[in-house]
Amino acid sequence: MKTFPQRLMILGSGELGKEVAIEAKRLGCEVIACDRYQGAPAMQVADKYEVLDMTNSLELKQIISKYNPDLVIPEIEALAVESLIELEKEGVKIIPTAEATATTMNRDKIRNLAANSLGLNTAKFRYANNQDDLLKAAKDLGYPLIIKPIMSSSGKGQSLIKNETEISNAWAKAIQESRGKSNKVIVEEFIQFELEITLLTIREKDGTTKFCEPIGHIQRDGDYQCSWQPAQLKKEELKEAQRMAKMVTTNLGGVGIFGVEFFISDNKVIFSELSPRPHDTGLVTLISQNISEFELHLRAILELPIPEIKCEEAAASRVILSKKQLQKPLYRGLENALSTKDTKILIFGKPNSKINRRMGVALALDTTIEKAKKKADDAAKAIEIFENN
Ligand SMILES: Nc1ncnc2c1ncn2[C@@H]1O[C@H](COP(=O)(O)OP(=O)(O)OP(=O)(O)O)[C@@H](O)[C@H]1O
Ligand SMILES: [Mg+2]
């Protein structure tokens, strides 16, 4: 049996890290929140915080050694994964595992695993290390295509291209906006999907796999705009998504929650990618489920029992984005936003905003997905973000 409080170090202190920190604090854990800037959301609810460059191997190792945490919980992709791998060999416990963190950070590694090793259905894809290769790959696959850096998140460096004339700009964008110094891109067939989902998948210590109801979402410019749960899938589609999610997460191993992304197109389920941590589209579970994705993550990693996961009839989330660049932003309109029944607002408390930065989220419940979406939209619209001059 574990003794509490456990000491947890969270790498990445954004809004998802903040919810993880809150759940950890509820269980009496000691939380050290890390990020590259001071005042990040999770730091506001943690016992201690550290500001560092988490892509720097030495800095990351030093901070982990300084605290010697029981668990290191990566909450973002951009980490010096090589130091996590080294530390894991020395006995530091990384969630879910250092290798899974490294694999999911690189589009080629996770795609090789899913498509080549496990034979999962994915968009057709090729890799390219220069523009000539890219052109050849594009000819091979046919247009339209999506070009992405091997390492990036939130849609950074991605282009949808319709013909050959757009190749060189897409190449330049992918290289420029790639994280790290990689010269490799992935080029993917563009899937005209009817629906995009995240299947939250939980792995427990004994190897049991559990699923949440699927979450539908809409993405724009690489970031999610709204999500809803449960997403309507045919029975066979859900079964297939669960089969694929179980296969890939079992292969990655470790414990915790995974956000497995799929496209549903023409009755086919197509694996896209996954996060070995709570997923942003899963913020909706803070209103839709009896146990949110954040609590599920904590329970799984602390090896605590997980009860039956129950989902409301219809729930939705809508992000609250800043329209401007602001220092110490202020908020108004919460009275209006919260005047409707079964509505919640989360303000993340970021110390500054820029255009389209996610500053909060509106959550709503109703009897149908359409009504829940409308409620969440209205609540998000009611919030105004402004500067105090
Ligand atoms: N092959 C594809 N066909 C159609 N749409 C795609 C394809 N690949 C990506 N997209 C769209 O772009 C979005 C972002 O792509 P992806 O998830 O690969 O990138 P990301 O930068 O890792 O995003 P995030 O980290 O925010 O999940 C997807 O959610 C989907 O809407
Ligand atoms: Mg994604």
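Q: Let's start with the ligand. Which residues come nearest to ligand 1?
A: Keep in mind that this is a predicted model. There are 16 residues around ligand 1, and Ala123, Ser153, Glu188, Ile191 and Gln219 come nearest. Two elements, strand 8 (185–189) and strand 14 (268–275), each give two or more residues to that shell.

Q: How many residues of each class does the shell around ligand 1 have?
A: Sort them by class and you get 4 nonpolar, 7 polar and 5 charged residues.

Q: And where does ligand 1 lie relative to the domains?
A: Begin with how the chain is divided: domain 1 (7–94), domain 2 (124–189) and domain 3 (195–386). Domain 2 and domain 3 both contribute residues to the shell, so ligand 1 lies between them. The C-alpha centres of those two domains are 28 Å apart.

Q: What about the largest nonpolar core: which residues touch the most other members?
A: That core has 114 residues, and Ile10, Ala33, Ile73, Ala362 and Ala364 touch the most other members. Take Ala33: leaving out residues up to four places away in sequence, its contacts include Ile10, Ala21, Met43 and Tyr49.

Q: Now leucine 233: buried or exposed?
A: Here you count neighbours, and 20 or more other C-beta atoms within 10 Å make a residue buried. Leucine 233 has 21, so it counts as buried. This residue sits in the loop between strand 12 (223–229) and helix 8 (235–252).

Q: Which residues does leucine 233 touch?
A: Skipping residues up to four places away in sequence, leucine 233 touches Pro214, Leu238 and Ile264. Its C-alpha atom is also 9.3 Å from that of asparagine 267, which is 34 residues away along the chain.

Definitions and conventions. Residues are numbered from 1 along each chain as its sequence is written. Chains are lettered from A and ligands numbered from 1 in the order in which they are written. This is a predicted model: local features need pLDDT of at least 70, side-chain atom pairs count only at pLDDT 80 or more; totals for chains, interfaces and linings use all residues. A residue is near a molecule or strand if its C-beta atom, placed from the backbone, lies within 6 Å of it. Helices (H or I, at least four residues) and strands (E, at least two) are DSSP runs, numbered from the N terminus. Ala, Val, Leu, Ile, Met, Phe, Trp, Tyr, Cys and Pro count as nonpolar, Asp, Glu, Lys and Arg as charged, and the others, Gly among them, as polar. Domain bounds come from an automatic or database domain assignment. A nonpolar core is a set of buried Ala, Val, Leu, Ile, Met, Phe, Trp, Tyr and Cys residues joined through C-beta atoms within 7 Å. A residue is buried if 20 or more other C-beta atoms lie within 10 Å of its own, exposed if 12 or fewer, and partly exposed in between; C-beta atoms are placed from the backbone. Two residues are in contact if their C-beta atoms, placed from the backbone, lie within 7 Å.
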